[in-house]
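Me: I'd like a close look at the pockets in this one, particularly what lines them. Could you walk me through that part?

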Amino acid sequence: SEEATQTWARSGPWEPRIRAECEAVRDAAGILDLPGFSRYRLEGEGAAEALRGLCTGGIPKVGRIGLLYFADDRGRIVTEMSAMRLAEDFFFLITAATAQWHDLEWLQKHAPEGLSLADVTRDFSCQILSGPKSRDILASLTDADLSQPWLTHQSAQLGETWVQLVRVSFAGELGWEVHSKIEDTAAVYDMLLDAGKPHGLKPFG
């Protein structure tokens, strides 16, 4: 009942559902549709050197992803973005949905002339696949190298559909971000859900 939800207590009518989600991710796997990222494509000769000059630390090697902290000329942190390095001077930058305009304007203002910077937020989506059975689920759908370590990424095919598999997880378990074109969101989600059912996969989040 609605009255039962009006409590500050930790327990409530929501608890069985939350417990089932947590136990699925802990013991099997969970899937989360997470479109809420902003995305930019930065490329061109000198893109890597430009990022080095804008960030407080190092940038990832080709084939890896890392978290970059961008600072102003006084050393204050302005924003953070995940950087997926696709080639020597080709980066896919990912930031929060609420930071889309702020971070794009900051990059436009500070990136050197001659680089290509595009807001591709509307072009892509993401599914989170997390849990000890996530590798088994993906293995039934793709011939990608699923032994690649933490903070790597690779292009792959799920069935006939292109995806970018990113070896990160924020649920404390084995997992991947599965990035795809926005028009393929439903197909990718359904493929993962169907392949995961025999393994105990459940939606979570």
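**The pockets and their linings**

Reply: Let's begin with the second largest pocket, whose lining splits into six nonpolar residues, three polar ones and one charged. Keep in mind that this is a predicted model. The pocket's volume comes out at about 150 Å³. Its lining is made up of Arg-41, Met-84, Leu-86, Phe-90, Phe-92, Phe-124, Ser-155, Trp-162, Gln-164 and His-179.

Now for the largest pocket, which holds about 440 Å³ of space. There are 21 lining residues here, and Phe-37, Ser-82, Val-168, Phe-170 and Glu-177 are the ones that lie nearest the centre. By type, the lining of the largest pocket has 14 nonpolar, five polar and two charged residues. As for where they come from, at least two residues each are supplied by β3 (65-71), β4 (77-87), β5 (90-96) and β7 (124-130).

While you have the model open, a word on the cysteines. Searching the whole structure turns up zero disulfides. Cys-22, for one, is in no disulfide, and the nearest cysteine sulfur, that of Cys-126, is 19 Å away. Cys-55 counts as buried because its relative accessibility is 10%, and the cut-off for buried is under 20%.

Key: Residues are numbered from 1 along each chain as its sequence is written. This is a predicted model: local features need pLDDT of at least 70, side-chain atom pairs count only at pLDDT 80 or more; totals for chains, interfaces and linings use all residues. Side-chain values use heavy atoms; hydrogens and water are left out. A disulfide is a pair of cysteine sulfur atoms within 2.5 Å. Buried means under 20% relative accessible area, exposed over 50%, partly exposed in between (1.4 Å probe, protein chains only). On a 1 Å grid over the protein atoms alone, a cavity is a set of points where a 1.4 Å probe fits but cannot get out, and a pocket is an open set with protein on both sides within 12 Å along at least five of seven lines; lining residues have an atom within 4 Å of a point. Grid points are joined across faces, edges and corners, and a volume is the space filled by probe spheres set on the points. Helices (H or I, at least four residues) and strands (E, at least two) are DSSP runs, numbered from the N terminus. Ala, Val, Leu, Ile, Met, Phe, Trp, Tyr, Cys and Pro count as nonpolar, Asp, Glu, Lys and Arg as charged, and the others, Gly among them, as polar.
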